[in-house]
Amino acid sequence: MARPITSYGQGVLHRPCTPVTSFDAMLAALVEDMFASMYAAQGVGLAANQIGVGLRVFVYDCPDASGGRRSGHVVNPVLRIPAALAAPETELEGCLSVPGQHAEVTRPGLATVTGADVRGRAITVTGTGTLARCLQHESDHLDGIVYLDRLPAAERAAILTEAGLSAERPGRPA
Ligand SMILES: [Zn+2]
């Protein structure tokens, strides 16, 4: 079932999320709701705190650099950037928690996430292109970082104003 998406400024988006310790039916239901919420909002990735749940889980459904569609979920993700191979790429990036807005963000073009699936089995996801960006964007969310936080303050403020959101966020001067 799709749930409402949290907006920039709501506390749960600006705090690090808690590791998952119970790989139970509630976790499976959360992942199902996250996919439903992502698709309902026409997103390509979603972190649990974007539906108000402060747990370290994200889902994704987006192309990699080859154009192939990749989708899945990761519980307790740990992001690794293989520095020698990950040439930076600058692309427009958006976020369901900052509706209707996009900004150029430079990120490494290759990323790997290790973690677990809903049953607790170890998984590894390696992405290029949009998927590399998505893995980094969603990992940021679970650390309480929204992509706007990586932009200069003036640009962030302008985008939030355009989105009709306050530039104030908990624990940080606007
Ligand atoms: Zn986002």
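This is a predicted model: local features need pLDDT of at least 70, side-chain atom pairs count only at pLDDT 80 or more; totals for chains, interfaces and linings use all residues.

Biologist: What makes Cys95, His137 and His141 donors of the zinc ion?

Modeller: SG of Cys95 and NE2 of both His137 and His141 sit at 2.0 to 2.3 Å, so they meet the cut-off. Along the chain the donors follow the spacing C-x41-H-x3-H. Cys95 is in the loop between strands S4 and S5, while His141 is in helix H2, so this pair ties together parts that are 46 residues apart in sequence. Both Cys95 and His141 are buried. Bear in mind that water is not among the atoms, so the site may look incomplete.

Biologist: Why is the contact of Arg56 with Asp143 called a salt bridge?

Modeller: The rule asks for a side-chain nitrogen of Lys or Arg within 4 Å of a carboxyl oxygen of Asp or Glu. Arg56 belongs to the loop between strands S1 and S2, and Asp143 to the loop between H2 and helix H3, so the bridge ties together parts that are 87 residues apart in sequence.

Biologist: Which label does each side of the bridge between Arg70 and Asp64 get?

Modeller: These side chains meet at 3.3 Å, N to O. Arg70, at 26%, is partly exposed, whereas Asp64, at 14%, is buried.

Biologist: What makes Arg133 and Glu93 a link between distant parts of the chain?

Modeller: Their side chains form a salt bridge at 2.7 Å, N to O. Arg133 is in helix H2 and Glu93 in strand S4, 40 residues apart. Both Arg133 and Glu93 are buried. Bridges with shared partners join Glu93, Arg107, Arg133, Asp140 and Arg150 into one network. By the same rule, the count for the model comes to 9 salt bridges.

Biologist: Why is the group of Glu89, Glu91, Glu104 and Glu155 called a negative surface patch?

Modeller: Glu counts as negative, and a patch residue needs over 30% relative accessible area and no salt bridge, with like charges joined within 9 Å. Those four residues form such a patch.

Biologist: What makes the backbone at Gln42 and Asn76 worth a mention?

Modeller: Each has a positive phi in a residue other than glycine: near 60° for Gln42 and near 50° for Asn76. Gln42 is in the loop between H1 and S1; at 74% it is over the 50% mark, so it counts as exposed. Asn76 is found in strand S3; at 23% it falls between the cut-offs, so it counts as partly exposed.

Biologist: How do you know that Thr21 is exposed?

Modeller: Its relative accessible area is 70%, and exposed means over 50%, so the label holds. Thr21 lies in the segment before helix H1.

Methods:
Residues are numbered from 1 along each chain as its sequence is written. Side-chain values use heavy atoms; hydrogens and water are left out. Patches are made of residues with over 30% relative accessible area and no salt bridge: like charges are joined within 9 Å, nonpolar side chains (Val, Leu, Ile, Met, Phe, Trp, Tyr) within 5 Å. Accessible areas come from the Shrake-Rupley method with a 1.4 Å probe; for residues, only the protein chains shown count as cover. The place of a charge is taken as NZ of Lys, CZ of Arg, CG of Asp or CD of Glu. Donors are N, O and S atoms within 2.8 Å of the metal (3.2 Å for Na, K and Ca); water is not among the atoms, so sites may look incomplete. Helices (H or I, at least four residues) and strands (E, at least two) are DSSP runs, numbered from the N terminus. Buried means under 20% relative accessible area, exposed over 50%, partly exposed in between (1.4 Å probe, protein chains only).
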